[in-house]
4 protein chains.
Amino acid sequence: MKKVKKGDLVSLIDKNNNAYLIDTAQSTDHFKKVGVFNPAELIDKTYGSTFTVGNKNFYVFPASLYDKLKALKRKAQIILPKDASHIIIHCNITPGKKVLEAGIGSGSLTTVLACIVGSEGKVFSYEKRQDFIEHALNNLKQAHIQDIVTIKQKDVTEGIEEKNLDAIILDIPNPWDAVKHAWDALAPGGILCTYSPLISQVEDTYGEIHKHPFISLYTFETLQREIIVKEQGTRPSFDMLGHTGYLTFARKILPVK
Amino acid sequence: MKKVKKGDLVSLIDKNNNAYLIDTAQSTDHFKKVGVFNPAELIDKTYGSTFTVGNKNFYVFPASLYDKLKALKRKAQIILPKDASHIIIHCNITPGKKVLEAGIGSGSLTTVLACIVGSEGKVFSYEKRQDFIEHALNNLKQAHIQDIVTIKQKDVTEGIEEKNLDAIILDIPNPWDAVKHAWDALAPGGILCTYSPLISQVEDTYGEIHKHPFISLYTFETLQREIIVKEQGTRPSFDMLGHTGYLTFARKILPVK
Amino acid sequence: MKKVKKGDLVSLIDKNNNAYLIDTAQSTDHFKKVGVFNPAELIDKTYGSTFTVGNKNFYVFPASLYDKLKALKRKAQIILPKDASHIIIHCNITPGKKVLEAGIGSGSLTTVLACIVGSEGKVFSYEKRQDFIEHALNNLKQAHIQDIVTIKQKDVTEGIEEKNLDAIILDIPNPWDAVKHAWDALAPGGILCTYSPLISQVEDTYGEIHKHPFISLYTFETLQREIIVKEQGTRPSFDMLGHTGYLTFARKILPVK
Amino acid sequence: MKKVKKGDLVSLIDKNNNAYLIDTAQSTDHFKKVGVFNPAELIDKTYGSTFTVGNKNFYVFPASLYDKLKALKRKAQIILPKDASHIIIHCNITPGKKVLEAGIGSGSLTTVLACIVGSEGKVFSYEKRQDFIEHALNNLKQAHIQDIVTIKQKDVTEGIEEKNLDAIILDIPNPWDAVKHAWDALAPGGILCTYSPLISQVEDTYGEIHKHPFISLYTFETLQREIIVKEQGTRPSFDMLGHTGYLTFARKILPVK
């Protein structure tokens with residue numbers, strides 16, 4: 001039975017399915033919403049067993065990607081898992097890939113990208129605001145993925161330094177202003193993705209994409225509906241998010257002479 | 001500028017965004033819906049440029065995950081990208097993970113899993129039907145991922161040989177019959193996922209999951225709606241898939257004494 | 001220009017689009033959330049003009065069906081306009097029809113039915129609970145439709161006294177227990193409708209409907225999504241109701257010998 | 001037991017739930033997709049019983065609103081019941097109301113409006129194209145509602161002759177061009193509704209509505225999903241209409257001095 005080792009990133013799950021990430025090697029002993037305990041106490045616990053802090057019970061798990069997303073502290077509006085998941089497949093986010101996002105927000109999409117490209121890959125994140133960078137960096141450190149991510153305090157609409165990127169994801173109010181730079185920075189066959197809440201943002205982005213050599217341009221929205229399964233019967237949840245953002249994708253080609 | 005090398009898996013994209021996978025090292029020269037040509041002709045072409053076969057034009061790209069899904073030949077009903085993408089995040093499919101699926105169908109989910117766990121990971125696929133195995137194996141070979149996948153002609157409801165799996169995804173008519181085996185085969189903290197079109201399948205699966213040590217049990221459905229952006233205006237597509245399947249997730253814990 | 005006459009049912013609309021129904025002939029002068037004024041002051045005001053109570057401004061309108069629904073005080077969960085509207089068309093609710101509903105709830109569906117069948121029609125409402133009846137009756141009186149509705153303190157699963165009804169709408173937890181009575185009470189070609197939040201309720205209702213002479217059996221759910229149109233752009237609302245209830249319809253035929 | 005009388009509008013329903021409207025007083029005896037028979041044969045049949053034409057069986061019903069919609073022959077794209085139903089409630093379509101629509105299309109919305117306002121009400125329909133008028137008129141005659149409807153071969157963007165209308169519904173490509181005329185023609189408190197497939201149409205309509213005295217401006221879209229209930233289990237239908245049109249509503253006030 002696998003046990004917690006020193007340096008493991010452990011996820012504590014409470015009865016409401018909240019996730020708290022604990023680095024067993026860290027020296028802090030105050031954990032917000034969990035309590036006070038020495039993280040070293042977790043070492044040699046068996047994964048899947050329970051752990052008690054004060055009067056609260058937790059399950060001890062190796063930290064999963066979804067735990068990292070649930071434990072993330074939100075400052076800005078985040079790209080939700082329902083949208084990030086589609087970005088993985090449609091942007092060809094696989095191990096070893098080199099991708100860029102802008103802006104970093106709270107680091108939610110960053111976390112997904114970093115966990116999927118893995119230690120052989122690289123995520124570059126452009127963000128103008130210092131406060132967002134600091135906040136997101138804390139989230140990345142907490143999730144043990146800071147080494148995969150390079151954050152730059154830069155405005156992506158002013159240029160991209162990297163070349164031959166596999167994918168670029170823009171979550172900024174004016175993605176059209178970065179389309180030319182994205183074309184320059186992408187490898188041929190690389191994917192540009194924009195995430196925009198407003199229809200007019202999608203339309204303006206199309207206008208700019210049409211001016212550059214891209215093919216396979218398409219847009220969709222996603223809806224996720226929870227199903228409540230109880231003793232008395234099954235039904236969709238009354239709560240549902242009516243909208244997040246539209247996802248637009250396009251693929252770089254070389255200029256056709 | 002990156003060029004095609006011998007042994008590369010190239011994706012040819014036509015003007016309707018269809019994808020055709022070509023192994024530049026293969027000896028075949030008849031390619032269905034593409035035409036007749038020697039794959040070696042692709043070598044040294046620049047990625048992102050065009051390639052002509054007969055009177056048809058194609059773009060030359062490194063084969064992406066989504067290309068592999070689009071090029072897949074369908075025999076059985078497949079798990080669509082809209083659902084597979086959520087499975088990645090909610091099942092913690094990341095590089096190096098060891099996961100199991102049953103059945104293999106046409107190999108669509110298999111392709112997604114294999115591309116994400118990568119060469120450090122492993123996908124086990126249980127399938128009862130020999131014809132499905134053969135069909136799916138052709139799809140996996142075409143996508144150059146057959147080495148990551150071990151297919152077993154087995155009924156998952158009769159037992160799972162592997163241990164300490166990170167995730168198990170069941171796309172079978174009676175997932176409840178494999179819940180106990182899934183618990184046995186999962187590592188603590190590992191995720192069980194079932195994909196079922198019918199409400200009663202979800203309910204019966206809940207009934208069985210409740211008998212075993214699992215937490216974090218939830219179900220949702222996803223909807224994807226294409227947005228048509230044209231000169232004359234923007235609107236959602238009139239075409240939409242009303243339903244695929246319900247995704248259910250649960251996480252293994254150790255028995256609570 | 002049409003002016004308010006004594007006895008008119010006036011709708012006062014505030015800047016947040018709330019509706020308050022005022023009977024110009026009534027003697028009360030305290031109106032919750034509106035203020036204190038003599039309703040007779042409204043007489044001879046021009047419809048479409050403004051009316052001030054204290055420091056609050058209202059528009060003066062003839063009370064519409066939707067005003068009546070917005071002004072309705074809720075006690076129980078109500079059938080929302082998005083579902084009631086489909087009931088009109090699928091149950092053939094038109095002027096002069098005789099229809100029955102059970103239970104009355106807060107009188108929301110009752111209001112829709114009464115406004116559409118009109119003074120030539122009739123709505124029978126079966127409700128077990130005296131408190132619901134009193135609450136709903138206040139709503140009906142406020143909407144000036146009490147004469148169209150006959151409320152009976154009865155359990156619809158114990159029988160229906162009326163015959164030759166054009167439609168019967170069941171919003172009760174166990175609609176299957178009233179299916180036989182509904183068949184007895186409907187005219188041939190009349191429509192039975194059930195509104196149920198749970199899938200199992202729909203299934204159990206089907207089981208009972210299949211035992212009686214009905215045809216044209218079908219079920220659907222409806223979703224409504226608000227679109228926010230602002231200067232800065234257009235998008236669907238983030239808020240959305242994920243589920244209300246499933247609407248099932250069936251049509252009475254004579255027993256086939 | 002109610003029997004068919006001479007002059008009744010009878011609905012014949014086949015086993016696939018298709019509806020065919022038969023006027024028992026009419027002299028034709030060829031009925032497309034039904035067969036050849038003398039409509040007078042229906043007289044004295046009991047409603048709810050079966051009727052055989054050649055080798056086809058039908059149920060005999062009094063023609064319902066929904067039968068009339070199902071029997072309607074389509075020429076143009078129609079406003080579907082799922083949208084027409086919301087128009088009833090949000091436009092205050094009740095018995096005796098006077099409403100206008102433009103254009104008539106195949107007469108689908110016309111049928112709904114006429115059936116609800118009834119013989120005490122009035123529907124005016126503006127349509128530019130003579131061929132649409134003729135086609136729709138045949139549908140209205142078939143549904144026995146032609147007396148409630150006055151069709152005018154006119155372009156609604158050039159003016160509306162009627163005054164004090166209770167509601168105006170615009171299903172034309174450029175509704176904004178008729179907004180001023182709609183304001184002129186509506187009674188205070190009357191409702192303007194536009195039905196438009198494109199977001200830009202909604203936006204342009206808002207731009208024009210904002211220039212005139214209207215309040216309570218809002219827009220929504222509706223989705224309808226069929227639920228398949230079978231012996232083997234229940235699930236939403238795989239088929240679903242992804243989009244029809246956006247419904248926008250606004251209410252006329254008097255100019256605020």
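Hi everyone, let me start with a crossing: helix 2 of chain D passes helix 3 of chain D in a right-handed crossing, meaning that the near helix is turned clockwise from the far one by less than a right angle. Helices here are DSSP runs of H or I with at least four residues, strands are E runs of at least two, and both are numbered from the N terminus.

A quick word on the source: this is a predicted model, where local features need pLDDT of at least 70, side-chain atom pairs count only at pLDDT 80 or more, and totals for chains, interfaces and linings use all residues. Residues are numbered from 1 along each chain as its sequence is written, while chains are lettered from A and ligands numbered from 1 in the order in which they are written.

Back to our pair in chain D. Helix 2 (residues 81-90) and helix 3 (residues 108-117) of chain D pack at about 40°, with their axes 10 Å apart; the axes are lines fitted to C-alpha atoms over the stretch in contact, and angles run from 0 to 180 degrees between N-to-C directions. From helix 2 of chain D, D:Ala84, D:Ile87 and D:Ile88 meet D:Ser108, D:Leu109, D:Val112 and D:Ile116 of helix 3. Contact means C-beta atoms, placed from the backbone, within 7 Å.

Now to chain B. Which residues of helix 4 of chain B are buried? They are B:Phe132, B:His135, B:Ala136, B:Asn139, B:Leu140 and B:Gln142. They cover an arc of only 165° around the axis, so they sit on the same side of helix 4 of chain B; that arc is taken from the directions from the helix axis to the C-beta atoms. On the other side, B:Gln130 and B:Glu134 are exposed. Buried means 20 or more other C-beta atoms within 10 Å of a residue's own, exposed 12 or fewer, and partly exposed in between. The cover over the buried residues includes strand 2 (19-23), helix 1 (65-71), helix 3 (108-117) and strand 9 (149-152) of chain B. After helix 4 of chain B comes B:His144, with a positive phi near 60°.

Chain B also touches chain A: 54 residues of chain B are in contact with 54 of chain A. Strand 12 of chain B gives the largest share of its side, 13 residues.

Last stop, chain C. C:Ser196 lies in strand 11 (residues 186-196) of chain C. Is C:Ser196 buried or exposed? Buried, because 25 other C-beta atoms lie within 10 Å. Thanks, everyone!

Technical notes: Contact = placed C-beta atoms within 7 Å.
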